[in-house]
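Good morning, everyone, and thank you for coming. Today I would like to walk slowly through one structure with you, so please take a moment to look at it before I go on.

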Amino acid sequence: MALFNKSKSYQALQTHYSEVESLHMRDLFAQDPERFNKFSAKACDIELDYSKNRITEQTMVKLFDLAREAQVEAKRDGMFAGDRINTSEDRAVLHTALRNLSGEPVMVEGQDVMPEVKATLAKIKSFVNEIHDGTRKGYTGKAFTDVLAIGIGGSFLGPKVMTEALKPYRQAGIKVHFVANVDGAHIHDVLATLPAESTLVVMSSKSFGTQETLKNTETAREWFLQSGGKFDDIAKHFVCVSSNIAKATEFGIAEDNIFPMWDWVGGRYSLWSAIGLPIALSLGFDNFEELLSGAYEMDVHFKTAPLEENLPAILGLLGVWYINFFGAQSHVLLPYDHYLRAFPAYVQQLDMESNGKSATPSGEYLDYETGPVIWGGEGTNGQHAFHQLIHQGKVLIPADFMLPLHSQHEVSNHHAMLASNCFGQTQALMQGKTEDEVRAELLAKGVSEEAIAKEIPQRVFEGNKPSNTLLFSKLTPKTLGNLIALYEHKVFVQGIVWGINSFDQWGVELGKVLGNDVLAKLEDSSIALDGDSSTNALIEKFRNR
Ligand SMILES: O=P(O)(O)OC[C@H]1O[C@](O)(CO)[C@@H](O)[C@@H]1O
């Protein structure tokens with residue numbers, strides 16, 4: 001198959017781009033009162049308004065052609081069917097099996113994985129229920145009051161962000177705390193607040209080989225032993241989630257306390273597996289199941305809806321439009337929902353670790369851009385911080401706005417104010433403010449012509465800045481499942497279009513290897529410093545601190 005930028009549909013889009021580049025959305029809206037209806041779609045609980053994009057009907061036709069030429073539909077079906085699409089690691093990619101509520105088998109190498117998936121869910125359910133009803137107790141006979149969840153990357157962000165997003169659904173009587181960073185300040189501060197006799201430690205590491213997680217777990221174990229726990233009590237207080245059962249048992253975790261996961265679940269796609277145990281501990285198993293069912297709903301939509309109505313396809317293709325034709329290098333996520341404030345950080349790993357690639361699986365280097373920088377933060381806070389650059393900076397930053405129609409807490413008219421800011425921002429980004437409007441405003445204030453001439457360039461908003469708006473009724477576990485799966489599949493669509501493997505992450509390996517080499521040098525000053533002069537000097541400074 002031709003590389004993305006050699007394909008017929010890419011060439012067609014390039015010609016089309018030169019025809020539409022100068023169109024202003026302000027005019028497109030004025031010319032077509034049906035624009036919202038033409039460019040909006042709904043799936044599950046999510047309504048997507050993508051009318052404020054620099055597109056015409058022809059743009060979308062051509063983008064769908066691009067997806068078809070890249071065989072997005074066939075490859076999507078391959079992923080759901082267990083094809084080994086993570087070629088560099090020779091693995092299937094089956095996070096969708098973890099929320100497969102269809103009752104249909106999912107085969108990997110001739111074996112149905114669903115019985116194992118269901119057995120693990122049953123194990124999570126009974127474990128969580130026993131913690132919540134106090135059947136499982138700590139070493140002094142007290143019921144558990146706290147959970148210390150240790151993990152990093154996909155073994156941290158999913159559980160952390162979901163439990164934060166679903167705060168109103170948390171179970172009373174149990175608090176979940178997260179530690180990821182190897183910076184001792186993190187675990188120090190968290191441990192200082194925890195009662196050892198009623199704290200359950202959940203260590204999550206797919207590989208059971210991640211330096212930060214292993215160190216934090218060792219530190220937690222020492223703390224436990226120094227706080228009154230005996231060696232034999234460890235089994236009551238420490239459980240782990242891993243696909244590396246051998247390493248976990250070698251580390252001293254009782255086999256019964258290991259929740260399995262599988263190599264066909266990528267770390268950044270793993271919150272649906274036992275990696276989600278802290279979510280179930282925080283919210284209760286039923287809410288965890290609701291999260292899974294929301295993701296399943298989106299899977300069904302992604303699998304069955306024609307591309308023209310397919311939310312992940314639409315979002316993915318619009319991203320490609322801006323990255324590869326308009327030269328956008330970043331994409332901003334703007335949840336207008338306090339509980340979703342960490343959502344950009346979650347999607348940052350999902351997207352950047354998946355699509356931060358520069359070669360095809362068959363070994364060709366790419367001469368076009370792939371994954372963008374993902375960033376963002378909650379509205380309205382960002383409006384008083386970084387939105388300035390999106391409105392008037394020299395770079396084009398497509399935005400996704402997100403808003404629940406109902407707040408978890410209807411306090412006074414806060415929610416209407418929040419919504420008005422969200423919608424008002426998308427409107428301002430789209431329409432901008434013209435020279436004439438600025439002039440009229442300043443003339444009315446009695447400003448001189450000379451001053452107006454200087455002021456105009458500073459006060460004009462070019463507008464024509466693209467945004468999507470995603471509305472949902474309320475941030476429930478199910479809707480959050482919809483939303484996360486939507487972004488997972490968006491990333492998949494883009495990866496297919498760009499012809500990359502979205503499921504490996506070789507780019508993080510070199511840093512790990514060099515980090516270990518440096519650690520040895522920091523801890524043993526007899527090791528010769530044989531690196532570059534900068535790294536040698538930095539090590540020297542640390543040795544001599
Ligand atoms: O669950 P593990 O194996 O500890 O890995 C944690 C994270 O580290 C990474 O492998 C990157 O270093 C991520 O992909 C993963 O989510």
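This is a predicted model: local features need pLDDT of at least 70, side-chain atom pairs count only at pLDDT 80 or more; totals for chains, interfaces and linings use all residues.

The residues of α1 that are buried are S9, Y10 and L13, and, seen down the axis of the helix, they fall within an arc of 95°, so they line one face of α1. The face turned away from that buried side carries K8, Q11, T15, S18 and E19, which are exposed.

How does such a face come about? An α-helix has 3.6 residues a turn, so residues three or four places apart point the same way.

Let us now turn to helix α9, which covers residues 211-226 and reaches 23 Å from its first C-alpha to its last, close to the 22 Å expected at 1.5 Å a residue. Here E212, T213, N216, T217, A220, W223 and F224 are buried, and, because they fall within an arc of 125° when seen down the axis of α9, they line one face of the helix. These buried residues pack against β5 (146-150), β6 (175-179), α8 (184-191), β7 (199-204) and α10 (234-237), while on the other side of α9 we find E218, E222 and Q226 exposed. After α9 comes G228, with a positive phi near 115°.

Finally, which residues are closest to the ligand? Of the 14 residues that surround the ligand, the closest are G153, G154, S207, T210 and G267, and the shell as a whole divides into 2 nonpolar, 9 polar and 3 charged residues.

Methods
Residues are numbered from 1 along each chain as its sequence is written. A residue is near a molecule or strand if its C-beta atom, placed from the backbone, lies within 6 Å of it. Ala, Val, Leu, Ile, Met, Phe, Trp, Tyr, Cys and Pro count as nonpolar, Asp, Glu, Lys and Arg as charged, and the others, Gly among them, as polar. Helices (H or I, at least four residues) and strands (E, at least two) are DSSP runs, numbered from the N terminus. The expected span of a helix is 1.5 Å times one less than its number of residues. A residue is buried if 20 or more other C-beta atoms lie within 10 Å of its own, exposed if 12 or fewer, and partly exposed in between; C-beta atoms are placed from the backbone. The arc is that of the directions from the helix axis to the C-beta atoms. Two residues are in contact if their C-beta atoms, placed from the backbone, lie within 7 Å.
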